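Here is a brief report on selected local features of one chain.

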Amino acid sequence: MKVKGKKQFGTTMGAQTDREIQELKQKYESLPLEDEIKKFVDMPLTQKTLKGLLDSKYVAPTEIQRKSILTALIGKDVMGTAITGSGKTLAFLIPVIEHLYMNKWSRTDGVCAIVISPTRELAYQIFETLKRIGRYHDFSAGLIIGGKNLKFERRRMDQCNILICTPGRLLQHMDENPLFNASTIEMLVLDEADRCLDMGFEETLNAIVEHFPIDRQTLLFSATQTNSVKDIARLNLRDPIFIGEKTKSEDVIPELLQQNYVVMELEDKITMLWSFIKNHLKQKIIVFFTSCKQVKYVFEIFCKLRPGTSLLALYGTLHQDRRIAIYNDFTRKSNVVLFATDIASRGLDFPTVNWVVQMDCPEDAVQYIHRAGRTARNKARGESLLVLTPTEEQGMIKELEDKNIHIKKIHIDPKKLFSPRLKIEAALAQNTELKASAQRAFVSYVKSIFLMKNKDIFNAFKLNLENYAKSLGLVVTPRVRFLERLLKKKGSETKMVTESNDFEHEDSDNDEDFLKVKRVDHDLGNNVEEVTLELPKKNKVLTKAAAAKIAIRKKLTPNEKVNFDEDGNVIVDKRKEIQSEVPEEYENKDGGINIEIAKKVLSQEDKYDKERFRQLVKQRHKLQKDKLKELAEANLQSNTADSESDDDVDLSWLPDPDLIYNADRKTEENVTSEMNSSDDMEEPTSKKAKLTSKLTLNDAESIAAQLLANKV
Ligand code: ADP
Ligand code: MG
């Protein structure tokens with residue numbers, strides 16, 4: 001957690017501050033009309049806030065800021081809707097800061113305001129904006145997101161006045177952190193409120209809201225509308241003021257955003273993307289895919305192929321520090337391509353993005369709007385390209401038209417496409433890890449299509465899996481077992497529980513529980529009723545602490561590995577068993593660790609270990625000896641075999657064995673010895689000594705003469 005801690009506030013507040021507060025309170029009584037406000041200074045804001053805004057070059061408020069800041073300042077609940085990039089962050093941060101100041105909030109007063117964001121990157125971005133505009137104030141703020149040091153956060157949390165959090169992490173603290181006191185909270189803000197309130201976060205958010213005081217002020221902001229009535233009840237909003245309420249989606253698309261789409265067969269998508277990047281090397285581009293594994297693979301393979309521009313990848317399974325580093329890198333650079341999952345689709349404000357490419361069809365129009373809204377922000381220009389397969393085209397375009405989003409079809413000249421297929425295949429052939437990554441990307445895409453709710457648009461059974469696999473560089477199409485199983489079972493009563501549970505865990509972009517729940521939201525086609533019936537209804541979110549308690553109660557040992565032999569019997573690893581008696585007694589004692597006894601235990605066990613080690617060394621030596629013996633025998637045999645097959649050697653100079661036999665055929669004994677030597681004779685040099693010792697003097701002389709003749 002980063003804490004901007006400036007200690008004292010309120011304790012040494014001078015008369016000047018009191019006067020300022022009084023003056024501002026009077027101004028709250030007679031607020032200026034919205035039209036009268038041209039600049040931030042026209043609003044009843046504190047000097048410190050105005051200075052912070054000016055430092056960041058914020059002079060004139062945007063429309064949503066003008067409307068909602070005034071309303072929120074006087075303590076009303078707000079539901080604000082405005083297009084992406086219209087400045088909603090300041091619309092809630094300014095009232096939060098002002099509230100702290102006006103209520104003389106000090107560090108020792110605990111947490112005053114909580115801002116909830118659906119993704120960690122967005123929380124980080126809000127935190128950075130808060131640091132900039134609040135730099136002259138004396139409050140402290142903390143960033144509470146997953147993937148960071150929990151203990152550190154725990155100790156510092158109660159000293160923060162403003163917390164920017166992701167829902168999962170906040171709930172975890174609320175459940176487990178005894179220092180955290182939610183009763184002091186006076187303001188709750190939900191950024192990207194519709195996402196915070198949707199199915200995936202529903203239970204987490206309900207659990208969080210339970211902890212909050214009812215009389216707090218609540219501000220909800222989003223680009224697309226929430227399911228208002230239900231949400232108002234859930235969040236206990238008191239007579240909320242709706243601001244910028246637009247019912248038509250065309251109003252949430254930035255004016256200067258050029259929207260295009262192209263229809264491509266699934267197997268041509270990679271080629272298209274490669275060509276697109278090669279043709280836009282001097283641009284800042286975000287490319288969206290559905291799953292982490294696709295992002296990871298395309299990033300890895302494109303890095304290998306070196307397109308000639310910087311490549312980055314942002315997805316949920318990366319370590320949090322990496323995520324922040326990549327976010328900052330992309331913000332800073334201007335010629336760069338970012339491959340991302342939908343964690344980058346909500347709220348993130350990257351400056352001057354030229355293109356947003358949606359490689360996979362979005363789930364619905366809302367997701368389309370959020371992804372496309374990463375460009376053309378705050379009156380800037382930008383272009384978006386949606387890539388659809390022929391089967392997706394009709395359904396998706398209708399979905400968009402229904403929401404009044406008109407999008408232009410463009411055609412890509414196939415001649416202008418450069419296929420990286422061969423290079424990809426070559427890279428995969430050399431690198432098994434890359435190949436495994438491609439296989440995971442393949443399966444994960446198929447699963448994502450299968451899980452999509454709108455079956456008019458998405459049909460996993462119609463995918464040409466073979467061609468798609470080839471396009472990813474895979475010569476062999478990976479098996480997608482759940483599809484095979486479903487195809488088999490189609491028509492008969494299908495229990496989908498196991499499958500649906502698998503999918504819940506697939507590719508959740510966040511390690512927090514809520515995204516798993518989102519998968520339950522997906523339509524599983526004909527089997528949907530069975531699925532909803534079979535899935536256990538969770539009323540309470542299971543925290544890590546609760547899971548640990550259950551594990552202790554059931555005496556489960558985590559991470560225990562049990563090996564079985566072929567007959568299914570447990571193989572006991574002797575090495576891990578305690579041998580001596582003292583340790584056994586110790587182990588059977590309940591609870592606690594006694595260092596002294598533990599030392600004794602270790603020294604006792606050490607004896608057994610040493611003995612075992614000695615045995616092992618002995619065994620090894622014996623084995624080595626046996627091996628050497630075998631080797632020696634084998635050598636001897638192979639030498640003989642070699643010589644037998646050796647027919648290249650010129651043996652013509654040797655005496656005719658028949659002659660020798662005839663000459664020496666006197667006794668039985670001699671015959672045998674001659675036969676032995678005839679064997680030997682076939683070995684030209686190595687056995688020469690042996691040969692000569694068995695020859696008569698005459699023979700030896702004749703051989704010598706022969707040798708001399710050969711030399712000449
Ligand atoms: P939203 O949350 O509505 O998508 P953001 O709050 O992220 O939009 O703001 C979009 C961009 O507009 C940011 O880069 C921000 O710095 C800029 N911005 C916001 N308010 C103002 C303002 N009053 N004047 C100039 N720029 C602004
Ligand atoms: Mg925003």
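## Positive phi in two loops

Thr352 lies in the loop between E11 and strand E12 (355–358). The model is predicted. Phi of Thr352 is near 45 degrees, a positive value in a residue other than glycine. Most residues other than glycine have a negative phi. Thr352 counts as exposed because its relative accessible area is 62%, over the 50% cut-off.

Asn236 also has a positive phi, near 55 degrees. Its loop runs between helix H10 (228–234) and strand E7 (241–243). At a relative accessible area of 31%, Asn236 is partly exposed.

| Residue | Phi | Relative accessible area |
|---|---|---|
| Asn236 | near 55 degrees | 31% |
| Thr352 | near 45 degrees | 62% |

## A parallel strand pair

Strand E11 (residues 336–340) pairs with E10 in the parallel sense, over five bridges. Within this pairing, Leu314 stands opposite Ala340 in E11. How many residues of strand E10 (residues 310–314) are buried? Four of its five residues are, so the strand is mostly covered; buried means under 20% relative accessible area.

## Two surface patches

One patch carries negative charge: Glu34, Asp35, Glu36 and Asp42 gather there on the surface. Glu36 sits in the loop between helix H1 (15–29) and helix H2 (47–55). Glu36 is partly exposed, with a relative accessible area of 49%.

The other patch is nonpolar. Val562, Phe564, Val570 and Val572 make up about 360 Å² of surface. One of them, Val570, belongs to strand E16 (residues 570–571).

Terms used. Residues numbered from 1 in each chain as written. Chains lettered and ligands numbered in written order. Predicted model: local features only at pLDDT ≥ 70, side-chain atom pairs only at ≥ 80, totals over all residues. Heavy atoms only, no water. Patch = residues over 30% accessible without salt bridge, like charges linked within 9 Å, V, L, I, M, F, W, Y side chains within 5 Å. Areas by Shrake-Rupley, 256 points an atom, 1.4 Å probe, with all protein chains shown as cover. Salt bridge = Lys/Arg side-chain N within 4 Å of Asp/Glu carboxyl O. Lys, Arg positive; Asp, Glu negative; His and termini not counted. Charge placed at Lys NZ, Arg CZ, Asp CG, Glu CD. Buried < 20%, exposed > 50% of the residue type's maximum accessible area, 1.4 Å probe, protein only. Pairing = 2+ DSSP bridges.
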